[in-house]
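Let's take a walk through this one, chain by chain, and then see where the chains meet.

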Amino acid sequence: MQKLIRIEPAKCVGCKTCELACSFKNAGEFAPSRSRIFNEVFVEEAKFITVTCMQCDDPWCEKSCPKNAITKEMASGVVTVDEEKCVGCRTCVSACPFGMIKYVDSTGKADKCDLCKGDTPECVVFCPTQCLTVGEEDKPLRQKMLRFVNTMKDGQMEV
Amino acid sequence: MNKAWKGKLLRVDLTEGTCKVEALNEEWANDFIGGRGLGSKYFTEEVSPEVEPMSPENNLIMATGPLTGTYGAANGRYMVITKSPLTGTIACSNSGGYFPSELKYAGFDMIIFEGKSEHPVYLQIRDGKAELVGAVHLWGMSTNDTEDAILSEFHGDAKVASIGLAGEVGVHFAGIINDKHRAAGRSGVGMVMGSKNLKAVAVRGTGGVKIANPKAYREAALDTYATLKENPVTGEGLPALGTAVLVNVMNQNGGLPTRNAQSGTFEAAEDISGEALVSGELRRIKSCMGCIISCGRVTKITDPRYVGEGEGPEYETLWALGAACGISDMPAIIKANYYCNEYGMDPITLGSTIGCAMEMFEKGIISEEEIGMSLNFGDGDAMVKLTEMTGKGEGFGKKIGLGSYRLADSYGVPELSMSVKKLEFPAYDPRHVQGMGLGYATSNRGACHVRGYINSAETLGLPEKLDPEATEGKAGVLKVFQDYTAAIDSAGVCLFTTFAMGIPQLANFCNAANGTDLNDAGILEIGDRIYNLERMFNLKAGIDPSQDKLPKRMLEEPLPDGPSKGNVSKLPEMLPDYYEVRGWGSDGIPTEEKLQSLGLA
C-alpha cells in the first residue's frame, strides 16, 4: 500500500502553516507561492480547504510528459519529477486536472509534492491540528465510517 | 548572509502621487528589531511631535517585523504607526490575518505614507512594484465591499487592508481592517488614513522570506510550537473559547467593569461568555497566518432582528458592547461587532463611549431628544442603532464618534470618561487588578491592555501568579511585560504567544532569522529603548507626566461589589516606584543618563 497525505478539512484552522513548512523545506524560503500544498480560507462559509497531489495511480502528468521526466515510483507510489530530464515545457501543468503540478520560474522546472522524499512530509510535521496526517491506511475514512456506524448503532432497538 | 528583513521600504508620497523604493536602515533595524520599534524610529525621525494628526505632515507607517511571514510562533503581524487623532500620542495598532505576511512576500518590510492625495486613491503592490490608483468608486464602501471590489479588479489572490466609512467621516477611533475581519483597531489610525484620502492597500506577493540559519530556525519553531501546545492558555483556553474565555473569569474575580465601570461584576456575564458563544453562534475556530493558537471565532447570527456572518466577537468586544453597556443580548453584540469591522471602528472605544453616554442619559445629562432615542443601560437594540449611526457619522453618532473623553467633556463631565490620555481602558477593572491600572496610566498610547499584559500574572498566573490586589513589586514586573511586549510587537509576533513563549525563545527566533546574537538582556534593552522613544515623543507632543493617571472613579469610588469590594486603585502608591524602575526622574521624565544608555540622547 502507498503512503499518502490524509486531509480532514473539519480540523483545519486556516493557519497555512502547511504552506509555510512546505516552502521553507523545499524552496528554502517561507513563500506560499512555492508551496506544494494549498490552503484556501472561506470565512463567510466557515470552510477551510487544503489540497495537494494525491499521487495518482495513473497520473495525467506522467502520461503527458514528452521527455519521460515524470515517473510513479512503484515501491513508494510517489510521482516525481526528474529535474535532469525536465525541459520546462509545462505540458504536465496543462494535463493535471487538479492543478497540483506547476512550473517554477526561478528553476525553469515542473514542481510537485514528492511526500518529502521519504521523510515525514514537512506539512504533516508542522500541522497544528492533525488536519494533515500521513499513512498507508486511510484512517480518516475509517473514522468517518465509524461515525456513521455509531449513528446506526444508536438507532437500533433490541429485538 | 540571508536575513529575514527584505531590506526595502516603500515610500508613498500621496501629495505627489509617487512611490519610491528605499533601502531599509539596517542600523536602525538592529537597534529596534522592526515593526513597532523600527516604525516608531522612522516616524519620530521624520515627523514633528507637534504635528497636527489630521494634517498632511503626519505620516502613516505600515510596518512588518523580521519574523512576519514565517512560521514558529504566530508570526503574522504588522503595525500601523502614526500620531493619533484620538489621543495626540504616538499610535501603534497591531493586526494579524494574511495581509501582513503578503507585504513581505511582495518584497517590503514597511510602507511610509506621506502627504495627502487630492482625491481618493488606493495603493496596489505587486512583487516589488507599486502604484497609486483612483478609488473614487470605492469611497463610501464598507471594508467588505472594498476588498471584494479590489480582488475583482486587481488580483484575486491579493490581500487587502482598507478603511470603511468611519475612517472617511472622521470617527476618532476608526481602524484599518485587513482580510475583512482583522483590525489595526485602536487610536484612530483609520481616521488618519482617511484624512489622506487613502482608501486601501492591496498586496500580491509571490516572493518569500529567507532565513539566516534555517536549521536553527526550524528547531526554534518546533520547540516553541510544543511550548504553545502544552500551555493551558495558548493550548487549551484560547483555542476552545477564544479570548472570551476571560468573561466568566474576570466577572467571578470582580474585575469586569460594568455599566461604565460603576461596578466590577455583571449579573448576566454568562450570557455573553465564550462558553455561550460556543453553544450558540460559533461555527468554527480560526487562526491567522502561521498561528497555531486559533483564538479567532467564525460566527453567524440568525436572530430575527439581526443576521450576518463573519468573525468575532472577542473578549474586549463582548465586554465593551456587552458589560460596559449592561447588555446581555448576544445577537446585538455580534451584529454591532460586524458593523465595527464593516465601518472600520474600534469596538473598545465605541462600547466604552456608548456606556458613558448611557450613564449620562440615565443621569439626565443628555436628553432623549438630543440622542433621538432613549439610551438606557441594557438596551441592545439602541446600541446597535447607535453603532450604525456612529459608523456613518449621522446624528448623535457624530458625538459618539469623538470618543468618550470629548463627549463627556463637552457636557462638562470629563470624569465620566473611562479613559487615560483620551483612550478608553479595556475590560479589566484597575480597582481589582492593580497592576493593570498602573499599565493603563503608563501606556504610551493611553489606557491599553496590549502594552503590558500584567493581567497574565495577576489573573491567569502566567508566568507566575501575582496577587491582583497587591501593589508591591508590580512596577518592576510591569516594566518587564511592557519591554518584552515592545520587542514582540517589533518582531512581528502575536502578543498571545507570550502566555507561553519566554524571552529566550524570541531571542532564538531573531538570531536564527537574522544571524544576530541577541540574548535576553538584549531583547529587553531593545524593548526599553522603544518604550523610552515613544515616551519622549509623547512628552514633546505635550502629553506631560500629569497625564499618567486614571479616571477619578478608579481612584475615589470604591468597587461596590465582588471579591474586591471596597477597593480603589492604588496608583499613587505604584507610580513613583514605576518611574524609579524605569530609570526616570521622580517627575516621570526620562533622565539624560537613561536616554544616553539607550542611545536615544
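In this predicted model, 64% of the 601 residues of chain B count as buried. As for how the chain folds back on itself, take the contacts in chain B with a separation of 6 or more: 70% of them are between residues 24 or more positions apart.

Now over to chain A, with 159 residues, of which 37% are buried. Its C-alpha trace spans about 65 × 35 × 30 Å along the principal axes. Chain A has 5 helices and 8 strands, and reading from the N terminus they go β-α-β-β-α-β-β-α-β-β-α-β-α. Among the contacts in chain A between residues at least 6 apart in sequence, 53% link residues at least 24 apart.

So much for the separate chains; here is the interface. On it, 26 residues of chain B are in contact with 20 residues of chain A. Which elements of chain B give two or more residues to that side? They are helix H7 (214–230), strand S13 (282–286) and strand S15 (307–311). S13(B) supplies the largest share, with 4 residues. Sorted by class, the side of chain B that touches chain A holds 10 nonpolar, 9 polar and 7 charged residues.

Note on methods: Residues are numbered from 1 along each chain as its sequence is written. Chains are lettered from A and ligands numbered from 1 in the order in which they are written. This is a predicted model: local features need pLDDT of at least 70, side-chain atom pairs count only at pLDDT 80 or more; totals for chains, interfaces and linings use all residues. A residue is buried if 20 or more other C-beta atoms lie within 10 Å of its own, exposed if 12 or fewer, and partly exposed in between; C-beta atoms are placed from the backbone. Two residues are in contact if their C-beta atoms, placed from the backbone, lie within 7 Å. Ala, Val, Leu, Ile, Met, Phe, Trp, Tyr, Cys and Pro count as nonpolar, Asp, Glu, Lys and Arg as charged, and the others, Gly among them, as polar.
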